[in-house]
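I open this notebook to record what I looked up in the structure shown below.

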Amino acid sequence: MHFRPRYIVDRSAYTIPDFDEEYQKKIRSYPHSQKAKKFFSCSTARLKALLIQFFPIIGWLPKYNIKKSLIFDIISGISAGTIQVPQGMAFALLASLPPVNGLYSSFFPLLVYFFLGSIHHMVPGTFAVLSIIVGTVVQNEAPLEKFQHFNETLNETITDNAAMNAYRMRIAGTVTCLTAVIQICLGFVQFGFISIYLSESFIRGFMTAAGLQILISLLKYIFGLTIHAYSGPLAIIYTFIDICKNLPKTNVAALIFAIITGVLLFIVKEINVRFKHKLPIPIPMETILVIVTTAISGGARLPQKFGIDVVGEIPLGLPPPEAPLVNLWGDMIGPAFSLAIVGYVINLAVGRTISARHSYIVNANQEMLALGLGNFFGSFFHIHVICCALSVTLAIEAGGGSSQFASLCVATVVLVILLVLGTYLEPLPKAVLGALIAVNLKNTLMQVTDPYYLWKKSKLDCCVWIVSFLSAFLLGLPYGVAVGVGFSALVVVFQTQFRNGHLVAQIGASDIYRNPKVYEKAKEISGIKIITYCSPLYFANVEFFRKKVIKKSGFDPVKVLLAKKKYLRAVKKEEREADTRRPSNLGNKQVSLQELVKEVEAETPMDCNNNSVDEAPRISYITVNTPNGLHEGTPKSPAEPENVEDPIKLAHPIIDIHTLILDMSGVCFVDLMGIKVLGKMCSNYKKIGVTIYLTGIRDQVYEDIESGGMFDEGGLERNCLFLSVHDAVLYTLAKMSENKQDAAKEKVSDAAAVYINDDMSSEENDDDEDLEQVMFGTMFDHSVGDHTIL
């Protein structure tokens, strides 16, 4: 048998005030003035820390080991640069932009990120999802029809491609500038934490939908088709239908190029993965395929012979800076915000994965600023929105690169293409670029099986994935971001709002309490109900919490209180009727309760759950005073007798519990509405003779309910708060034992005397409260604090 150590604790049962007093709890405070003083303080150390935070290069450059790292940075950078060039041109096609835009986007942002980036292995560049969103904006603002005119001489429609490409480049730069402004603003206000609201299920569902959209968009290049561009919801469906209708017009030469390119690239990528530990650097198959297919296409003059769509002219040199079209920002704010958030989240997700492997820290807010400033600088040179170039970054890591010098080498390779070699890429078929992207989508598209595994582990996460996927695929990526984030937030609210509180019972004689429905040996303690609840207590779930406590305790205190008042009023009525028939010299007379309240006892009796029960009536006796309160001519003092119990507690229906313990150890915070309802619940249970104890309250929650006024308004006393459930149970049992001993010492008459006070006006008037004041009066008015409607 497995050895288990003994767990023996001998201590007193503590309420929270007793524990705080005995162990001298400290009062901690941090005034806002001190916080502000510290935040705005200036010192040499603080200035140095801010500079290193804003310019990470100051931190890593002095520590850079040239002999050990530089050679690997150069080799991996050149290798990754050969991947950056074809991918940049390919993703530019997804954005409905000329391929040279992809080269600009792969060069200018890298110069800024070299100084500001905090992820050592990161290479900014084009990303398929962002390219698709940019393409949607470009097609909306610069549709193809805007640059077409009918040539009567040729009797055909002519497209001014040069004007269209130039204007679309300006549109791309404009939306990039707006995206950059959003990212910079979010970075300066420390808004990097927004990434925590995007769950993994949402991101995977969104990325899968984006990958499927990208694949469908690439089919027109792979099959060599000319397809009308759609935008808005269901645009991808219309695009797919048009592609299927135009399949008979497939350009066979383009399709052959795409198939051969795709197959070869797939095989070499699998080799790179399988033998990555043996290969010094990954085989740059993308670059090899681009060179070979360009040579074949240009040497055999295939574009002229078979009408293959090619990259076309790539202007040499760098473009002059040009200001964005700020007047169009109003039409782009939605997609720009989606680009800012999605790009940042992708960048941060990849960065954290890589940094965890190499043991350095990523500054989330700094990454937001680095991306924003990189996009802002590049927007004046007609780039489109960038984030992490995934394949290039992984190539840097696999090649042994360890710093931003590798990304500088990537930028150098792109610069060489822009200045010298770009003109040689003119005959490169677009079908080849489409095939390169399609193969790289393999891992993304494999995520389509996620719901099968998520359903087994978490149905809510599965629903998040499905909603994110469908909304992004059918409505478009910008709308998909909004719908997915909104649904994820609703799931969080749902999980906190509808948590299933349950009863717990004691395991043997230990301090362990578990659900008796799950553990057979868990036994409830007579007269005590213990309820545990694991969720924040706030305005959205406080009503559910109240109903759950009522259900688990077995009765509604408000209904029980009303039933008891009804019973007492009936007794009072029968008493008055009996007094009219009683001789004037009658003082006190002992009569049976059934003789006084025949009508009440004639009704069906109720148990504590307000359910009818069939049981034989029991004969009870009470001593009733005369209505005028006189006995032998002496006025009766309303304060006598002093030891009379509250008639409400002794009236029918009699409930079988006297203590309700709420385990609050799973409650992480309570808002003002939760405090108010919790206090009213304690007050309502107290009126019918049930004491509520709160246990396991966290320090922050205790401060919340204290500052919320629960103790000041009388809903709950501080000595009703205990460190643990077992403390409250021991205290309750000790109190019960003490009460029984006190009761045994008293002399009890044969007939228990129950004195019913004539003054019940305060209780009877509860039903005549000002309802408008109750519902709409100020919640901070202590005078109406006890009138909250539950």
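**Entry 1. Lining of the largest cavity.** I note that the model is a predicted one. I began with the classes of residue around the largest cavity, and I found ten nonpolar residues in the lining, with no polar and no charged ones. I then listed the residues themselves: L198, F202, I203, F206, M207, I341, V342, V345, I346 and V481. Two elements, α10 (200-222) and α15 (329-358), each give two or more residues to this lining.

**Entry 2. Cavity count and volume.** I looked up how many cavities of 30 Å³ or more the structure holds, and the number is four.

**Entry 3. The largest nonpolar core.** I asked which residues have the most contacts inside the largest nonpolar core. They are V129 and F206, in a core of 122 residues. The element that gives the most to this core is α15, with twelve residues. As background, I note that nonpolar side chains in soluble globular proteins tend to be buried together.

**Entry 4. A second core.** I also found a separate core of 54 residues. Among its members are I16, I528, I530 and L568.

**Entry 5. Aromatic pairs.** I looked up the aromatic pairs and recorded 29 in the structure. One of them joins W60 and F114 edge-to-face, with 6.1 Å centre to centre and 90° between the planes. This pair links distant parts of the chain, as W60 lies in helix α4 (residues 57-60) and F114 in helix α7 (residues 108-116), 54 residues apart.

Are the two partners buried or exposed? W60 counts as buried because its relative accessibility is 11%, and F114 counts as buried because its value is 8%; the cut-off for buried is under 20%.

**Entry 6. A second pair, for comparison.** I took Y452 and Y453, which also form an edge-to-face pair, at 5.1 Å centre to centre and 85° between the planes. Y452 is exposed, with a relative accessible area of 52%, while Y453 counts as partly exposed at 47%.

**Entry 7. Ring cluster.** Finally, I noted that ring pairs link W60 and F114 with Y64, F115 and F405 into a cluster.

Definitions and conventions
Residues numbered from 1 in each chain as written. Predicted model: local features only at pLDDT ≥ 70, side-chain atom pairs only at ≥ 80, totals over all residues. Heavy atoms only, no water. 1 Å grid on protein atoms, 1.4 Å probe; cavity = no way out; pocket = protein on both sides within 12 Å on 5 of 7 lines; lining within 4 Å. Points joined across faces, edges and corners; volume = space filled by probe spheres on them. Helix = DSSP H or I, 4+ residues; strand = E, 2+ residues; numbered from the N terminus. Nonpolar A, V, L, I, M, F, W, Y, C, P; charged D, E, K, R; others polar. Core = buried A, V, L, I, M, F, W, Y, C linked by side-chain atoms within 4.5 Å. Buried < 20%, exposed > 50% of the residue type's maximum accessible area, 1.4 Å probe, protein only. Phe/Tyr/Trp six-rings, centres within 6.5 Å; stacked < 30°, edge-to-face > 60°.
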